[in-house]
Amino acid sequence: YLKISKLALAFAIIHSKPPGKSSKEYTEYLAKTVSEQDFGWKWKVEVLEAEVLRLRQELLLNRISPRFCLENRKQDTSDETLLDRESINLTRYSSQLEDSGCDVSNGSAFDSLGIASDFHQSEHNVNPSKHWLERVPPLNLCHTSKEQSLSAPVQFLQHLLEIRKLSEGGILQADFSELDNDSFTICNSVSRLLDGLTVFYNSPKFPFPNFLTEAVCVLISLITDTKLSNHVLKKCFKKIEEFKKNLIQIILRNSSVNRFQTLHSISQTLALLGKNNILRNSLISLLLSEVRRFAEQLLQAHQVQSMYDITQYENIFPLCMILEQLLQNEIQERNVSSSDYEGEEKIRFLKNLDQIILHLSDEFSLFSLYLWRVSVLLNSGQMQ
């Protein structure tokens with residue numbers, strides 16, 4: 001039946017083709033027309049799905065805290081969105097972002113993007129008063145552009161964080177058990193946020209837009225919040241793991257000339273994700289695996305005197321720095337808790353590491369030094 005259908009379609013195309021066009025050209029024209037129609041339907045479906053998610057988000061927020069949504073509706077519903085807000089930090093450092101990206105001295109490069117400072121400021125600016133209700137933007141979550149589609153889950157998750165702070169201060173009553181009753185909404189919102197961040201880190205724009213700073217701050221606040229992080233990690237752990245793997249690969253494969261600002265921004269995002277103990281161990285395993293894999297490839301290339309990927313060699317250092325920072329954090333917390341890193345990747349990383357360092361130390365001294373520093377942290381008595 002399929003063969004007969006294909007043959008009938010071929011004859012129909014041949015008989016109906018306009019004069020002056022070959023059958024192949026007419027077939028390509030018809031295929032393009034059909035694909036454009038399919039794209040139109042897909043776009044309509046995406047808009048409807050976004051609207052359904054927006055309604056589910058509003059409903060979930062109303063179930064968690066009816067008073068919050070009531071106060072939110074009373075505010076002046078202006079067209080203010082995350083994309084319209086001014087960011088003092090990004091304006092202050094816009095000149096830095098326009099250079100080659102090599103100037104990362106004198107403090108954290110992440111701070112130069114305004115993200116770390118915004119994150120720490122959001123941690124301390126908890127003012128348990130009605131002012132929190134007055135400054136929360138209205139729920140306007142259905143947008144079309146990539147930037148606005150990222151702002152949608154950010155706004156919803158921001159509302160969750162605001163309710164959390166208000167309930168902690170005794171201003172609002174909130175029932176966060178509703179998050180267990182509607183796992184789809186929280187999972188979908190976090191997934192859209194992570195996918196949006198991955199897209200923008202893959203094709204960054206300079207200077208970094210305000211909404212990207214907001215998105216990173218919301219993500220970090222969400223996974224470090226003592227009450228909300230359990231709900232998020234329980235439902236979205238695999239998605240967050242995929243997000244971390246994507247960021248690591250973006251760091252390794254980025255070959256653009258002005259890539260260093262982006263790499264430092266992604267590195268600090270990974271480091272902040274590692275503030276969560278559950279995410280830290282898996283992140284350490286991922287980093288150990290990538291650094292070990294590259295070290296073995298570099299050793300093989302060095303032994304046979306073949307070419308190696310110079311871009312990956314330059315990009316491996318941010319991963320080494322993140323790894324060292326996470327292991328140091330693990331040692332510091334080991335003084336007050338029983339958490340430590342013991343995984344298969346630790347054994348694999350340390351196996352034959354001395355021989356690798358010995359062979360690479362002359363030509364690749366800086367990389368060998370990083371390998372040695374990581375091995376010292378892994379072999380520390382506090383880490384065993």
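Predicted model: local features only at pLDDT ≥ 70, side-chain atom pairs only at ≥ 80, totals over all residues.
Reader: What makes Glu324 and Arg373 a link between distant parts of the chain?

Author: Glu324 lies in helix α16 (residues 310-334) and Arg373 in helix α19 (residues 365-378), 49 residues apart. Helices (H or I, at least four residues) and strands (E, at least two) are DSSP runs, numbered from the N terminus.

Reader: How do you know whether Glu324 is buried or exposed?

Author: Buried means under 20% relative accessible area, exposed over 50%, and partly exposed in between (1.4 Å probe, protein chains only). Glu324 has 9%, so Glu324 is buried. Arg373 has 35%, and therefore counts as partly exposed.

Reader: How do you know the span expected for α16?

Author: The expected span of a helix is 1.5 Å times one less than its number of residues. With 25 residues, α16 is expected to span 36 Å, and from its first C-alpha to its last it reaches 37 Å, close to that value.

Reader: What makes Glu344 and Arg348 a salt bridge?

Author: Their side chains meet at 3.4 Å, N to O, so the pair falls within the limit. Both belong to helix α17 (residues 344-350), and because they are four residues apart, about one helical turn separates them. An α-helix has 3.6 residues a turn, so residues three or four places apart point the same way. Glu344, at 57%, is exposed, whereas Arg348, at 42%, is partly exposed.

Reader: Which other residue forms a salt bridge with Arg348?

Author: The side chain of Glu345 meets Arg348 at 3.0 Å, N to O. These two are three residues apart in α17, again about one helical turn. Glu345 has a relative accessible area of 11%, so Glu345 is buried. Salt bridges that share partners join Arg292, Glu296, Glu344, Glu345 and Arg348 into one network.

Reader: How many salt bridges does the structure hold?

Author: The structure holds 17.

Terms used: Residues numbered from 1 in each chain as written. Heavy atoms only, no water. Salt bridge = Lys/Arg side-chain N within 4 Å of Asp/Glu carboxyl O.
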